[in-house]
Amino acid sequence: MEKILEINNLNVGFNIEEQFFEALHGVTFHLEKGRSLGLVGESGCGKSITASSIMQLLPSNALVKSGEILYKNENILNYSNKQMQQLRGSKIVLIPQDPMTSLNPLYTIGEQVVEAIEYHTDLTKKEAKQLAIDTLKAVKLPEAEKRYNDYPHQFSGGMRQRVIIAMALSCKPELIIADEPTTALDVTVQAQILDLIKEIQKNYGTSLILITHDLGVVAETCNEVAVMYAGRIVEYADTISLFENPKHPYTQGLIESLPDTKEKKLLTIEGQPPSIYETISGCPFYPRCSKKMEICTTAFPKTTQISESHTVNCYLY
């Protein structure tokens, strides 16, 4: 199948007080057209930095040290600001974490969706308004025409997230990056938003990267999963293989800590992920790993191919 996105050996870091601290270490993965990939791991493992690197929305003290990000076989790290502005919002869109702060409180939701359409298309004001209303209807916003002139504060969190998804969809993008899109929402609304994202992907044929710490969400939504820890991908597999046969002790810990209807004891992973200020010579999961060996302190383990669609970076294999 055609690869829409390919990330090869991406290394990103930050200049902090005249020192350079690496945040992403050799991140490598790809996404095929029309497929969905879950990027999972605890907070601070590099998921959002990976998304910001793809969108080229990194803070000013960040530096892409090496690697490439290929969108349809073109390395977009070589793009100018103008080229990236044209790509962002039209071909690649980001659905951010917090719907409460992502909309401008001074403009109506209709104005904000129309602005996104007008920036990336040659439609007239009237055509842009009609497309905005149609897109708001597509994301199941109740009474879309009537609510077109309402302001963000008149909407609940779930409705605001629908508006943000409508803005993302309005120019028919080829790739959606959803960064923890349900974090600020309650459980029933989370389920509605995830169903909506799945439906959109199916109807529009859009490719999806879903960034989350919730493996339960990934199980329902994604074709493949990349498990991240301390800025590295430690396991990569199709979703069924990952849940039926997790190989990395970190992945096993994440799956075992999922709530279950059976009366089993809820397991946790002891300790905390390392910060970017720590220098790590071996496997970064070593201090927390129940299966650690002496070799784990020497160097980060090479990638082992478990099957055609399953790789792991662990000395156990």
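This briefing describes the strands, helices, cores and salt bridges of one predicted model. Local features are given where pLDDT is at least 70, side-chain atom pairs count only at pLDDT 80 or more, and totals for chains, interfaces and linings use all residues. Residues are numbered from 1 along each chain as its sequence is written, and side-chain values use heavy atoms, with hydrogens and water left out. Helices (H or I, at least four residues) and strands (E, at least two) are DSSP runs, numbered from the N terminus.

**The open sheet**

- An open sheet is formed by 4 strands in the order β2-β1-β4-β5, and their pairing is antiparallel. Two strands pair if DSSP finds at least two bridges between them.
- β2 (19-32) and β5 (74-75) are at the edges with a single partner strand each, so one side of each has no neighbour in the sheet.
- β1 (residues 3-16) pairs with β2 over 10 bridges, in the antiparallel sense. Within this pairing, Leu 10 has Val 27 in β2 as its bridge partner.
- Glu 17 sits in the loop between β1 and β2. Its phi is positive, about 50°, although Glu 17 is not a glycine.
- Glu 17 counts as exposed because its relative accessibility is 75%. The classes are buried (under 20% relative accessible area), exposed (over 50%) and partly exposed (in between), with a 1.4 Å probe and protein chains only.
- Helix α1 (residues 47-55) lies across β1, β2 and β4 (62-71), and runs at about 110° to β1. For such angles, axes are lines fitted to C-alpha atoms, for helices over the stretch in contact, and the angles run from 0 to 180 degrees between N-to-C directions.

**The parallel strands**

- Strand β7 (residues 175-179) has 5 of its 5 residues buried, so the rest of the structure largely encloses it.
- Leu 175, Ile 177 and Asp 179 point one way from β7, while Ile 176 and Ala 178 point the other way; all are buried.
- Strand β6 (residues 92-95) runs parallel to β7 and is joined to it by 4 bridges. Leu 94 has Ile 177 in β7 as its bridge partner.
- β7 also runs parallel to strand β8 (residues 207-212), with 5 bridges joining them. Here Ile 176 has Leu 208 in β8 as its bridge partner.
- From β7 the chain crosses through helix α7 (residues 187-204) to β8, and this β-α-β crossover is right-handed. Right-handed means that, with the strands pointing away from the viewer, the path from the first strand over the helix to the second runs clockwise.
- Lys 172 is placed in the loop between α6 (157-169) and β7. Its phi is near 50°, a positive value in a residue other than glycine.
- Lys 172 counts as exposed because its relative accessibility is 55%.

**Nonpolar cores**

- A nonpolar core is a set of buried Ala, Val, Leu, Ile, Met, Phe, Trp, Tyr and Cys residues joined through side-chain atoms within 4.5 Å.
- The largest core has 53 residues, of which Leu 136, Ile 165, Val 227 and Tyr 250 touch the most other members.
- A second, separate core has 30 residues, including Leu 24, Leu 37, Ile 69 and Met 228.
- Leu 37 lies in strand β3 (residues 36-40) and counts as buried because its relative accessibility is 0%.
- Leu 37 and Ile 209 are 172 residues apart in sequence, yet 4.9 Å apart in space, C-alpha to C-alpha.
- Leaving out residues up to four places away in sequence, the residues that Leu 37 touches include Phe 29, Leu 31, Ile 209 and Tyr 236. Contact means heavy atoms within 4.5 Å.

**Salt bridges**

- The structure holds 12 salt bridges. Each is a side-chain nitrogen of Lys or Arg within 4 Å of a carboxyl oxygen of Asp or Glu.
- Glu 22 forms one with Lys 65, where the closest N and O atoms are 3.3 Å apart. Glu 22 is in strand β2 and Lys 65 in strand β4, so the pair ties together parts that are 43 residues apart in sequence.
- Lys 140 forms one with Glu 199, where the closest N and O atoms are 2.7 Å apart. This pair links distant parts of the chain, with Lys 140 in the loop between α4 (125-138) and α5 (144-147) and Glu 199 in helix α7, 59 residues apart.
- Lys 140 counts as partly exposed at 45% relative accessibility, and Glu 199 counts as partly exposed at 33%.
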